[in-house]
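Open the model in a viewer and keep the selection tool at hand. The stops below are meant to be taken in order.

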Amino acid sequence: MKMDSCLFTLVFGLSMLGGCLARVVTVSPGPLIRVEGQTVSIRCDVTEYSGPSEQDFEWAMSKEANGKKMNIISSFDTRYSNPLLRKRVASGDISVVRLKDNEVELKIAEVKSTDAGFYWCQTPSTDSVISGNYEAKVQLTVILNTLKVSPLTPPPVVPEGSDLTLSCNVTRELSHPTYLSVTWSVKRGATSEEILTFGPQGDVVTGAKYTRRYADGGIRLVPGKNGFFELVISKVTTSDEGTYECNGTEWTYENGGKWIKIVESTKEMGTVSVTPTEKLLGSNTWICVGAKGGVVLVLIIVVIVCCVRSKQKKRMQLKDEEELRLAWTNDQQHHQHNHPSDPRHHRCQQQPAGHTGPRQHRSKQQREQQQQHPRALDPPGAYPEPSPRRLPQAPRPVDKTDDEQPPPLPQPNKKAVKIQRV
Ligand SMILES: *[C@@H]1O[C@H](CO)[C@@H](O)[C@H](O)[C@H]1NC(C)=O
Ligand SMILES: *[C@@H]1O[C@H](CO)[C@@H](O)[C@H](O)[C@H]1NC(C)=O
């Protein structure tokens with residue numbers, strides 16, 4: 001008995017609640033600001049209704065908030081439209097799109113300035129009891145397209161490592177509260193890569209491939225006055241080549257926290273190619289010049305050393321000759337007097353060409369003689385002085401070449417003679 005009364009109360013309560021359902025038709029609060037020639041979409045939904053789940057909708061418009069309505073389009077009645085609008089409905093310029101059982105969208109593909117006014121969304125009742133709102137309205141404001149995107153043409157060729165400034169002027173006539181954004185992108189072949197977007201709220205959004213570079217300061221934004229924006233790409237590389245574009249977009253902010261793009265314009269800025277920098281080329285050239293210079297310097301040193309050595313050699317040869325002449329004279333004298341006191345000189349005379357052994361012995365002694373009277377023939381500063389370390393070594397190659405040659409020794413040239421005279 002107690003259980004039954006409870007159940008009755010619950011059923012009664014639910015039936016009362018059902019009976020109290022009040023239909024709610026909702027459109028965007030607006031006002032909607034749209035640009036002439038652009039697409040307009042106005043959504044409408046219905047809740048708190050009874051009857052079939054799928055609801056029907058009718059759209060009408062009035063010039064004044066409570067003025068005479070003109071039927072536009074219906075989701076169920078093809079003959080609903082005002083004759084003035086039938087053409088636009090037939091062509092699809094004006095259409096209604098069902099999004100859900102309880103939601104549709106009125107679409108105007110290309111809005112005209114004469115389309116400005118109040119748009120009414122109405123739902124025929126499917127309720128057992130008429131209750132709630134069966135229609136809702138929103139104001140549509142149609143503004144002229146005053147968006148202008150005028151970029152400056154970037155230099156067609158930039159050296160690698162330099163800065164590339166991409167200037168773009170994005171303006172509109174401010175008759176209603178609209179906002180602007182500017183987007184730079186680069187096209188390479190068929191693909192277009194977004195670099196950076198500034199706005200519409202003063203925020204910066206970078207393209208995926210440019211996020212790091214922006215964070216590192218390799219890309220910076222210079223917002224100027226009156227819609228003049230500059231994007232500076234630092235230290236360009238050949239990967240920055242491409243056709244740059246500037247996109248200006250005008251936005252409106254609607255109640256409900258939505259940013260609506262109302263018009264956009266994309267302009268090609270120009271194609272930029274990147275050449276290897278003079279700096280890089282310069283450093284290469286410097287390396288080249290340095291290397292060549294080094295080689296030349298080494299050659300000069302080699303030539304100087306050779307000159308010095310050959311002069312020393314000639315001096316040596318002259319000395320050798322002198323000595324040999326002396327020795328020869330001595331030998332002749334010894335032979336004449338039958339007195340071979342000096343076997344060294346004797347052997348030297350009999351030695352065949354190319355035989356080195358005894359000659360080295362002789363040369364060693366000669367060296368010793370030379371070292372006892374070093375450079376006796378040279379006045380100081382007569383010609384470049386070899387380093388002291390080389391001095392004891394200098395006669396060696398003389399001996400070697402000397403060894404290859406049998407006496408008489410090569411004729412000294414005039415220069416060597418001169419030196420000897422000194
Ligand atoms: C930007 O464009 C506007 C409108 O076209 C113009 O008045 C303004 O002088 C331009 N600014 C620059 C810096 O080019
Ligand atoms: C222009 O920029 C807007 C906003 O970033 C973007 O939605 C749109 O796709 C861009 N249009 C073109 C043609 O790049």
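Predicted model: local features only at pLDDT ≥ 70, side-chain atom pairs only at ≥ 80, totals over all residues.

Residues are numbered from 1 along each chain as its sequence is written, chains are lettered from A and ligands numbered from 1 in the order in which they are written, and side-chain values use heavy atoms, with hydrogens and water left out.

**Stop 1: ligand 1**

Select ligand 1, then Lys148, Asn169, Thr171 and Phe228, the residues around it (a residue is near a molecule if one of its heavy atoms lies within 4 Å of it). From the side chain of Asn169, an N or O atom lies 2.2 Å from an oxygen atom of ligand 1. Ligand 1 taken alone exposes 360 Å², of which the protein buries 42% (accessible areas come from the Shrake-Rupley method with a 1.4 Å probe). By class, this shell has one nonpolar, two polar and one charged residue (Ala, Val, Leu, Ile, Met, Phe, Trp, Tyr, Cys and Pro count as nonpolar, Asp, Glu, Lys and Arg as charged, and the others, Gly among them, as polar).

**Stop 2: ligand 2**

Move to ligand 2 and show Thr183, Asn247, Thr249, Lys261, Glu264 and Thr266 around it. Which side chain has an N or O atom 2.8 Å from a nitrogen atom of ligand 2? Select Glu264 to see that pair.

S19 supplies the largest share, three residues. The shell divides into four polar and two charged residues, with no nonpolar ones.

**Stop 3: Arg23**

Select Arg23, in the loop between helix H1 (2–19) and strand S1 (24–27). Is Arg23 buried or exposed? Arg23 counts as buried because its relative accessibility is 0% (buried means under 20% relative accessible area, exposed over 50%, partly exposed in between, with a 1.4 Å probe and protein chains only). Its side chain makes polar contacts with the side chains of Gln55, at 2.8 Å, and Thr123, at 3.0 Å (a polar contact is a pair of N or O atoms within 3.5 Å; within protein, one must be able to donate a hydrogen and the other to accept it, and residues adjacent in sequence count only if both atoms are side-chain atoms).

Definitions and conventions: Helix = DSSP H or I, 4+ residues; strand = E, 2+ residues; numbered from the N terminus.
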